[in-house]
Amino acid sequence: MIKCIAIDMDGTLLNEHHVVSELNKEAVEFAQSKGIEVVIATGRSYHEAKYALDEVGIKCPIICVNGAEVRSISGESVYASPISPDVTLKIMKVLDESKAYYELYTADGTYSKDYEQALIIIMDIFMSPNLKVNYEETLAEAKKRFENGLIHLVDDFQPIVKEMNKPVYKLISFSFDQNVLKDLMERLKSIDGIALSSSGKENIEINSIDAQKGIALTEFVKQRGITLQETMAIGDNFNDVSMFTQVGRAVAMGNAPEDVKKHSHFITEANSDDGVGKEILRVLER
C-alpha cells in the first residue's frame, strides 16, 4: 500500500507549458484526501518550486535543490545539507577555468552573473523534456524568473561564499559542448564530498554528497513512520535515480531517457499527457 508519493517537477509534474495540469492537480489533491503524504522532490530552489505550486494552489512539503534542503508545508527549513564553503570554492575554480556558465543555488534563491546565459539554461531545463514546446512561450516563462526575483544577478560569486556566508546548496553548470561537460565531469570527480547528477543533457548539477533526492526522501519518510517500500517516486531524469533505487514503486515518465527508465519499475505517460495524474489515479484505483 502506497503511503507516500514523491514527485519531480520539470518534465514530470509540470507539463510542456511549465504548469501543473488540472488532472495532475486533481490527482495530487485526491491522494492527499486519502491521507497519503505527497512531497515534491525537485532540483529547483524552494522559491522556484513554490512559485509553480502556488499557481495552482497545491500545498505540500518540498524536497528542493536535489535534496539539499527540505521545507515543510509552511516553508520552514527542516533539513539542510549545503556544500561547505571551501569545497564550493574548489568547484568554482574548476568551473571558472573551464569558462563554463554556472549558477549558485542558496537558501535565498539562485544567483547568476550573466542574464543571457541564465535565460539559456532555464530554457534548456524547460525544453529538454518537452521537444515540442513553444519557444516564445518558454522564453517568456524564463524571463519571469528574473521579473519575480527568483534569480538574482551579481557581478561576482566570491563575496556570496566568502563574505556573506550564504549556504550554497547546489551549483549547476551548463554547456552545449559535450566535450566541455565530459571534461568538467572528470575534473569535478576529483573533489571529495560532492554528488554529480544531471537534469538535462546540457548540464551538470553539483551538490553535497549528502544532498541527493533519495537520501532526503529516506529521511522524510522515516520521520513520518512510513517505509520506503510504501513509497512511490515519479521522475524523468538522472537526478531522480537516487529515489528510484530506494522506493517500492519507481515510476519513470514516458518522456524520460531510456537510461533513466531502466531504473524504474513502471513507465507512465509523458508529462505532456498527464502522466503523473494518471499514474496516481491508477495506483489509487479511482
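**Helix packing, ring pairs and a buried methionine**

Modeller: In this predicted model, helix H4 (residues 85-98) packs with helix H8 (residues 178-188) at an angle of about 155 degrees, and their axes are 10 Å apart.

Biologist: Are H4 and H8 roughly parallel or antiparallel to each other, then?

Modeller: They are roughly antiparallel, because angles over 145 degrees count that way. H4 passes H8 in a right-handed crossing.

Biologist: Which residues make the contact?

Modeller: On the H4 side the contact is made by Ile91, Val94, Leu95, Glu97 and Ser98, while H8 contributes Leu184, Arg187 and Leu188.

Biologist: Okay, new topic: how many aromatic pairs are there?

Modeller: The count comes to two aromatic pairs. In one of them, Tyr102 and Phe157 are tilted, with 5.2 Å from centre to centre and 55 degrees between the planes. This pair links distant parts of the chain, 55 residues apart, since Tyr102 belongs to strand E6 (residues 101-106) and Phe157 to the loop between strand E8 (151-153) and helix H7 (158-162).

Biologist: Are Tyr102 and Phe157 buried or exposed?

Modeller: Tyr102 counts as buried because its relative accessibility is 4%, and Phe157 counts as buried too, at 1% relative accessibility.

Biologist: And what about the rings of Phe174 and Phe176?

Modeller: Their centres are 5.1 Å apart and their planes stand at 75 degrees, so the pair is edge-to-face, because planes over 60 degrees apart are classed that way. Phe174 is buried, with a relative accessible area of 4%, whereas Phe176 is exposed, with a relative accessible area of 61%.

Biologist: Which charged ends sit over the rings of Tyr105 and Phe220?

Modeller: Over the ring of Tyr105 sits the charged end of Lys170, 4.2 Å from the ring centre. Over the ring of Phe220 you will find the charged end of Arg224, 3.6 Å from that ring's centre.

Biologist: What is Met9 in contact with, leaving aside its neighbours within four places in sequence?

Modeller: With those neighbours left aside, Met9 is in contact with Leu14, Ile40, Ala41, Thr42, Arg44, Ala49, Ala52 and Leu53.

Terms used: Residues numbered from 1 in each chain as written. Predicted model: local features only at pLDDT ≥ 70, side-chain atom pairs only at ≥ 80, totals over all residues. Heavy atoms only, no water. Phe/Tyr/Trp six-rings, centres within 6.5 Å; stacked < 30°, edge-to-face > 60°. Helix = DSSP H or I, 4+ residues; strand = E, 2+ residues; numbered from the N terminus. Buried < 20%, exposed > 50% of the residue type's maximum accessible area, 1.4 Å probe, protein only. Lys NZ or Arg CZ within 6 Å of the ring centre and 35° of its normal. Axes fitted to C-alpha atoms, helices over the stretch in contact; angles between N-to-C directions. Parallel < 35°, antiparallel > 145°, perpendicular 65-115°, else oblique. Left-handed = near helix turned anticlockwise from the far one by under 90°. Contact = heavy atoms within 4.5 Å.
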